[in-house]
Amino acid sequence: MSSEFSDQVASWLADGEVGGGDPVKVVANVLDQLNKTTDMFLVEGVEKRLWELIKVNRRKAREGGGVRKGFFGGAQQKKEVGAGKKKKDEEAIEEISNPGLADESLDQKLKAEAEEAEKKAVSELAKSGDGKAGEEKVTDLPEEEADEGTGLVPNSGNGFTFENGQSWVQTLQDVTYTIPVPAGTKARDCNVDIRKTHLKVGLKSPNSSDSSFIIDDDLYKEIAVEDSFWNINDGKELELHLQKVDTMCWWDKVCNKHEAINTKKVEPENSNLSDLDAETRQTVEKMMFDQRQKAMGQPTSEEQQKEDMMKKFMDAHPEMDFSKAKFM
């Protein structure tokens, strides 16, 4: 402690208006000055540090042989000087209370207070609204923007038409790829090789067996080779029919080198569900149901199944509290 500050403290102790021999008044005055001139009391954990300082100095005082002259002993003597004087002194002295750190840490105390405040807030929330306990208020959340997807705009057949005249269309079951060929072209003039993951299409040269390939590329997805075929239409078009292996997937391209279409803009064809096999029909019906539910803001089949399972579990365990449970 500097000599200047020591002199100031001694002055406060001697001053009847400020200290009068009572160190509590001096401490209160010091803390008041610190509050006015610094941001000390905004620092995290300052209470704990101050209380530790008090405990350390109190222990030192006891180890040093008792209370020193003019300190807590002097303050105690003043308390014995009449009821009126006592009341006046107590009003003038700002008491420094024990923050309770002797039994538990500040962090534990703050945590306990925070938990108590949270319980109180939950209780008040449960009683709000229509006055029914346990009924939560649900606020409307902004609807998520629909995913418009990216890619080329599909043609009316859910495929694409290229500038060179080639085009393709698709259903969930198959893909039809059409390639313009010179008028009068016959099947023997074509060189077509359809494989599970690769497609090669070419035209033979008139004077040799060599072929110039129009397509020689890997397919976007696997096909069923035994159910795929090709033919010539009116000597003007070569038409390929490719049977999909995955019949529940829209293709965004036929070959990997092609630019992808936007499958979010695909419009399924109108067809009779009775024309589909049992497994495909069940899947399509589920997809249609989920689309309708989403459009109406209602849970999908999977979400409904989860809700039903949770309801059964809650009914089977009435002793458990689900008021704070968050269901995804």
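Which residues are linked with Lys286 in a network of salt bridges? The network comprises Lys286, Asp290 and Glu302. The structure is a predicted model, and a search of the whole of it finds five salt bridges.

- Within the network of Lys286, Asp290 and Glu302, the side chains of lysine 286 and glutamate 302 meet in a salt bridge with an N to O distance of 3.8 Å.
- This pair links distant parts of the chain, with lysine 286 in helix α7 (residues 278–295) and glutamate 302 in helix α8 (residues 301–316), 16 residues apart.
- Lysine 286 counts as partly exposed, at 37% relative accessibility.
- Glutamate 302 also counts as partly exposed, its relative accessibility being 47%.

- Lysine 311 and aspartate 315 form a salt bridge in which the closest N and O atoms are 3.3 Å apart.
- Both residues belong to helix α8, where a separation of four residues places them about one turn of the helix apart.
- Lysine 311 and aspartate 315 are both exposed.

**The salt bridge of aspartate 193**

- Aspartate 193 and arginine 195 meet through their side chains in a salt bridge, at 3.0 Å from N to O.
- Aspartate 193 has a relative accessible area of 23% and is therefore partly exposed rather than buried, because the buried class requires a value under 20%.

**Strand β3: burial**

- Strand β3 spans residues 174–180 and is mostly covered.
- Of the seven residues in strand β3, five are buried.
- In a regular strand, side chains alternate between the two faces of the sheet.

**Strand β3: pairing with β2**

- Strand β2 (residues 167–170) pairs with β3 in the antiparallel sense, over four bridges.
- Glutamine 170 is placed opposite valine 175 of β3.

**Strand β3: pairing with β8**

- Strand β3 is also joined to strand β8 (residues 237–243), by seven bridges.
- The strands β3 and β8 run antiparallel.
- Threonine 178 has glutamate 239 in β8 as its bridge partner.

How values were computed:
Residues numbered from 1 in each chain as written. Predicted model: local features only at pLDDT ≥ 70, side-chain atom pairs only at ≥ 80, totals over all residues. Heavy atoms only, no water. Salt bridge = Lys/Arg side-chain N within 4 Å of Asp/Glu carboxyl O. Buried < 20%, exposed > 50% of the residue type's maximum accessible area, 1.4 Å probe, protein only. Helix = DSSP H or I, 4+ residues; strand = E, 2+ residues; numbered from the N terminus. Pairing = 2+ DSSP bridges.
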